[in-house]
Amino acid sequence: LDADSHLDHLKRAAARRAVEFVEPDMVIGLGTGSTAAFVVEELGRRVKDGLKIVAVPSSEHTAALARGCGIALAGFAEHQRIDLAIDGADEVARGTLALTKGGGGALLREKIVAAASDRFLVVVDDGKLVDRLGTHMKLPVEVTQFGWQATAAAIAARFGAPTELRRHDERPFVTDGGNFILDCRFGPIADPAALECRLNMTVGVVENGLFIGRAAAVIVASESGVEILKPDQGGRR
Ligand code: A5P
């Protein structure tokens with residue numbers, strides 16, 4: 001196996017385990033990203049075998065994948081609560097299971113889906129585990145297009161974090177909600193819960209990629225198998 005297909009093998013193993021938690025008649029939240037894509041595929045397999053569920057997708061991309069797999073889709077007009085959401089993450093903090101997300105730019109809808117879910121399950125390969133969030137990743141912050149330069153300057157001044165407008169093929173990357181993404185270099189984050197709140201109090205910020213106290217469990221696939229982590233007692237829930 002080359003490095004990529006090895007990673008895919010781990011992602012699929014985590015996805016398959018997560019999909020075992022899906023029960024008939026549930027409303028399922030679908031995440032976004034390459035690991036979440038395996039969740040969609042594995043769920044599609046169960047639907048073809050006769051499982052009846054309906055899914056709320058967290059991005060246009062995931063919606064298209066799910067349709068292709070024969071999964072019935074619904075939105076918040078029909079369902080304001082979701083029984084179980086399954087999504088990937090960019091980083092998972094050992095112990096608290098706090099997350100950074102948004103590498104794929106879907107963080108706002110992902111957080112809305114996670115917040116509406118009775119259970120939020122996260123699927124990752126073990127390369128995503130960190131002691132401190134911000135170690136591997138710049139933190140994605142979704143901002144309105146209007147005045148994004150002022151918002152970027154405010155984040156840089158208030159938090160001392162250099163920010164960079166995310167681009168795609170030279171043009172600014174635009175989210176499903178029509179916003180921009182600032183990738184902000186915080187470095188290792190000492191107090192993610194405080195930062196999550198403070199960032200969202202900055203005018204022009206729509207949402208940020210910190211997911212604190214949301215994961216009910218993280219399913220981690222590694223060389224040695226699949227493990228299910230629960231947040232530590234005393235970790236913020
Ligand atoms: C999408 O906006 C992200 O939050 C993804 O869930 C995250 O980037 C993980 O993606 P991969 O599974 O592709 O690593």
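Six strands come together in an open sheet of mixed pairing, in the order 2-1-3-6-15-16. Strands here are DSSP runs (E, at least two residues), as helices are (H or I, at least four residues), both numbered from the N terminus, and two strands pair if DSSP finds at least two bridges between them. Strand 2 (54-57) and strand 16 (225-229) form the edges, each pairing on one side only. From one strand to the next, the twist averages 20°. The model is a predicted one, in which local features need pLDDT of at least 70 and side-chain atom pairs count only at pLDDT 80 or more, while totals for chains, interfaces and linings use all residues. Residues are numbered from 1 along each chain as its sequence is written, and side-chain values use heavy atoms, with hydrogens and water left out.

Strand 3 (residues 82-87) runs parallel to strand 6 (residues 117-125), with five bridges in the pairing, and A85 stands opposite F120 in strand 6. Strand 15 and strand 16 are antiparallel and are also joined by five bridges; a hairpin of two residues links them, and V220 faces E227 of strand 16 across the pairing. Helix 1 (residues 3-19) lies across strand 3, strand 6, strand 15 (217-222) and strand 16, at about 155° to strand 6. Such angles run from 0 to 180 degrees between N-to-C directions, with axes fitted to C-alpha atoms, for helices over the stretch in contact.

Leaving aside residues up to four places away in sequence, T32 touches S58, S59, T62, D87, A106 and E110, contact meaning heavy atoms within 4.5 Å. The C-alpha atoms of T32 and H61 are 7.5 Å apart, although 29 residues separate the two along the chain.

T32 also belongs to the lining of the second largest pocket, where T32, G33, G88, A89 and D90 lie nearest the centre among 17 lining residues. A pocket is an open set of points on a 1 Å grid over the protein atoms alone, where a 1.4 Å probe fits, with protein on both sides within 12 Å along at least five of seven lines; lining residues have an atom within 4 Å of a point. Helix 2 (residues 34-48) gives the most to this lining, with three residues.
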